[in-house]
Amino acid sequence: MSKDQSQGPRTEAPPARQLPIRRSIGNWNLIVIFGGVVLTLAAVGCLVFLWAGEGPVPGGSQATHLWRDITLNGRSAESVTLIALVLRLVSGSQAGICTALVAAFIIERRRFPLSQMALLSIARANTNGEPRQLLQFLLLSRLNSLVRNLEVALLFLLGMTALGIQFSSTILISDFATSSLVRYANSTVLNVAVSSGTSNAIKLGTTEVNMGSTMFLFGDTDSSIDPMPDDFGVTDTGKRQRALIPLNQEDRVHLQHFSGPAFTMITRTRCMRPFMTAKLFKEEGDGGAIEVTIDYNQTYTHASIPLYDTCYPSTGAEGDVNLCLSQSFTCTLPMKNPLLNNNETDALWYTALCHLPLYNGSDVAHVIPKWDSQDPLKPSSGSWPQMTFATNLPMSFWTRLNHSESIAVSSAAFYGEWASFEIEGSFLNASLCFIGVDSSLSLLTLTGKINQKEPTLSWNDETHSIEVGPLQDLLGANTNQTPISERGALEIIGDVQNPAPLSSFDVDTNLAQDAIDENRVVISSVPATEEVFYSGNLSIGVCYHCTISGPSVPDDIATFFQQVIGVTGRAAVAIDGYFFLIAKGGYYYVFPYFDVPGKVNLTFSTEVQRPVRWRGLSTVVVLVAINSSAALAIVILYIMGGRRTIIGNFWHAASLLASEDPISILHDGAKLTDTEISQLLRSNDCLQQTDASAEDGTLQLVRCN
């Protein structure tokens with residue numbers, strides 16, 4: 001029976017006792033609340049692991065084995081979906097229990113309308129419900145004192161964050177994007193060279209080789225040599241060893257690690273000021289040319305280098321010969337292409353490279369010098385002599401010059417490695433260079449960089465030429481010492497074995513030795529054939545928008561050479577890069593014919609979908625943190641100030657409905673809706689509260705004044 005406080009004094013009831021926590025809330029509900037918080041923390045930890053597991057090195061090469069297995073196998077999204085499911089289940093279960101706790105707390109400690117007694121009782125009994133209906137009643141009620149209570153605010157936070165957590169999977173997946181990761185290393189066998197039988201069937205020379213794109217990835221070592229001229233006008237690139245990779249373009253850009261035999265090209269270029277006399281003349285085909293007589297003794301003396309002998313014995317395919325440097329020689333000179341607009345002035349001077357012939361007596365010796373890795377300025381080291389020209393002589397100069405006349409040039413001014421001759425207000429610069437070239441099948445190790453790519457060349461509308469800046473950066477053909485990691489090339493690490501040991505090939509030792517010997521000749525034959533074929537009388541035009549009596553090279557290589565000379569002024573750097581690009585063309589021409597297998601260890605990168613942004617994860621972490629905090633706060637609030645009823649028990653909840661006021665409307669409830677009952681009680685919807693029974697101290701429903 002309910003007790004009406006308006007009917008005079010009553011006997012003092014004992015205070016309602018607090019039930020034990022486990023009895024009031026229930027063991028399972030406590031496990032769901034506190035165990036769910038622990039499970040939520042573990043789930044968030046797993047998410048952070050997936051997001052941050054890549055480690056300090058881009059590409060995840062130093063990540064844990066578990067993270068790499070999940071990510072490389074494409075299971076990141078599946079893992080996130082499962083974790084999000086756990087978060088949804090935990091938050092949903094906790095929301096139902098906390099809704100029951102808040103309903104119980106309101107019944108035990110607050111005043112509420114009689115019309116909502118059934119809703120509160122059922123909410124207290126149903127721990128699998130959701131806070132929406134209870135919040136809707138609380139927020140739409142006109143009882144401000146009830147809405148402003150702490151438990152209502154906590155339930156509102158819990159409900160809103162639980163709703164957001166239901167979309168956690170979508171929120172988390174929004175952080176996903178395509179990313180490159182390093183795969184596991186793979187030991188395999190790869191064709192790294194060409195056998196002698198196959199190479200004999202290949203036509204190889206600059207006239208047969210299609211150079212292809214110059215923008216290819218290769219291995220390189222950092223050079224500590226400053227390419228700037230010394231006090232005596234000598235520039236030195238230092239010894240450069242570059243590795244060409246026996247992989248196609250798609251595999252090269254994904255290569256992260258290579259260990260095994262591969263072709264390397266070793267170069268060193270030194271340039272100096274030539275002391276010479278010369279005369280300019282016009283060829284029969286109206287091309288410009290220069291006849292040079294060079295004084296090697298004076299050139300070497302002013303360069304402060306030993307007076308090397310200009311003749312030396314050598315052994316080649318033609319037998320024993322005595323090779324001598326050219327004392328006098330003729331080279332053709334570049335000029336502006338007459339098909340272009342004569343009113344336009346090119347920003348860069350026209351450049352040409354003249355290979356100086358070696359003589360065996362009075363005859364040109366068609367031999368391939370073999371550099372022995374000594375100082376290339378020493379002719380007997382087997383280096384190749386070159387004369388580099390750069391000029392801004394206008395087309396009108398050559399037009400005015402008759403075939404029967406010549407113009408003598410002398411009295412040079414010296415700038416760095418250049419001798420500069422002024423001619424009718426224009427200039428012709430010349431530099432004497434020696435390049436040592438060697439090649440080997442070497443045993444080496446290369447490392448790549450994540451997200452590396454082979455740059456592409458573009459067209460410059462302002463200069464009407466190819467933009468070769470990316471090629472300069474890739475080759476390190478600049479005055480500044482740019483680290484390999486910033487240039488985009490792969491890095492050669494550790495020692496390089498020249499040549500590779502026979503055991504590094506997957507063939508018998510005889511075939512392995514044959515491959516080493518054969519490939520040193522085959523790959524070097526492209527620049528060497530060019531050296532021999534074009535030596536004497538003809539220069540190679542290595543410039544864009546120019547014409548010359550002589551051979552030309554692909555536009556990108558020509559523009560590269562001209563750009564390096566024009567921007568850096570370093571002839572040695574330009575020649576070094578030029579010869580490597582020529583050798584590259586020969587290498588990738590032969591590459592499809594490789595048939596000698598080598599033992600290699602390869603690591604590639606691959607594209608995967610994985611978390612790369614943090615916005616979605618941060619949002620979910622905030623939602624989960626607020627949700628868990630609100631759930632714990634509700635439980636603590638109920639433990640401290642409630643525990644007078646048993647939640648999650650329907651008969652216990654129904655016991656309060658046995659009071660006088662609820663029983664009076666139960667008969668009508670059998671035939672009316674909740675809305676109709678609320679309208680029926682609108683004029684007499686008195687506030688209710690619970691109080692301790694005078695008999696045993698248990699809760700009973702009483703009407704408030």
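This is a predicted model: local features need pLDDT of at least 70, side-chain atom pairs count only at pLDDT 80 or more; totals for chains, interfaces and linings use all residues.
Phe-591, at 21% relative accessibility, counts as partly exposed. The rings of Phe-591 and Phe-594 have their centres 5.5 Å apart, and with their planes at 80° the pair is edge-to-face.

## Other ring contacts

The count of aromatic pairs in the structure comes to 19. One of them is formed by Phe-561 and Tyr-578, whose ring centres lie 6.0 Å apart; the planes are at 80°, so this pair is edge-to-face. Phe-561 is in helix H17 (residues 555-568) and Tyr-578 in helix H18 (residues 571-590), so the pair links distant parts of the chain, 17 residues apart. Phe-561 and Tyr-578 are both buried.

A charge over a ring is found for Tyr-184 as well, where the charged end of Arg-68 sits 4.5 Å from the ring centre.

## Disulfides between strands

A disulfide is a covalent bond between the sulfur atoms of two cysteines. The structure holds four of them. In one, Cys-311 and Cys-324 have their sulfur atoms 2.0 Å apart, and the link is right-handed, with 115° about the S-S bond. Cys-311 lies in strand E11 (residues 311-316) and Cys-324 in strand E12 (residues 319-325), so the bond ties together parts that are 13 residues apart in sequence. Cys-311 is partly exposed at 32% relative accessible area, whereas Cys-324 is buried at 15%.

Cys-331 and Cys-354 form another disulfide, again with sulfur atoms 2.0 Å apart. The torsion about its S-S bond is about -80°, so this disulfide is left-handed. Cys-331 is in strand E13 (residues 328-333) and Cys-354 in strand E15 (residues 350-355); the pair links distant parts of the chain, 23 residues apart. Cys-331 and Cys-354 are both buried.

## The Cys-543 to Cys-546 link and the pairing order

Cys-543 is joined to Cys-546 by a disulfide with an S to S distance of 1.9 Å. The link is right-handed, with 95° about the S-S bond. Cys-543 is buried at 7% relative accessibility, and Cys-546 is buried with a relative accessible area of 15%.

With the bonded cysteines of the chain numbered in sequence order, the pairing reads 1-6, 2-3, 4-5, 7-8.

Terms used. Residues are numbered from 1 along each chain as its sequence is written. Side-chain values use heavy atoms; hydrogens and water are left out. Rings of Phe, Tyr and Trp (its six-membered ring) pair if their centres lie within 6.5 Å; planes under 30 degrees apart count as stacked, over 60 as edge-to-face and the rest as tilted. Helices (H or I, at least four residues) and strands (E, at least two) are DSSP runs, numbered from the N terminus. Buried means under 20% relative accessible area, exposed over 50%, partly exposed in between (1.4 Å probe, protein chains only). A charge sits over a ring if NZ of Lys or CZ of Arg is within 6 Å of the ring centre and within 35 degrees of the ring normal. A disulfide is a pair of cysteine sulfur atoms within 2.5 Å.
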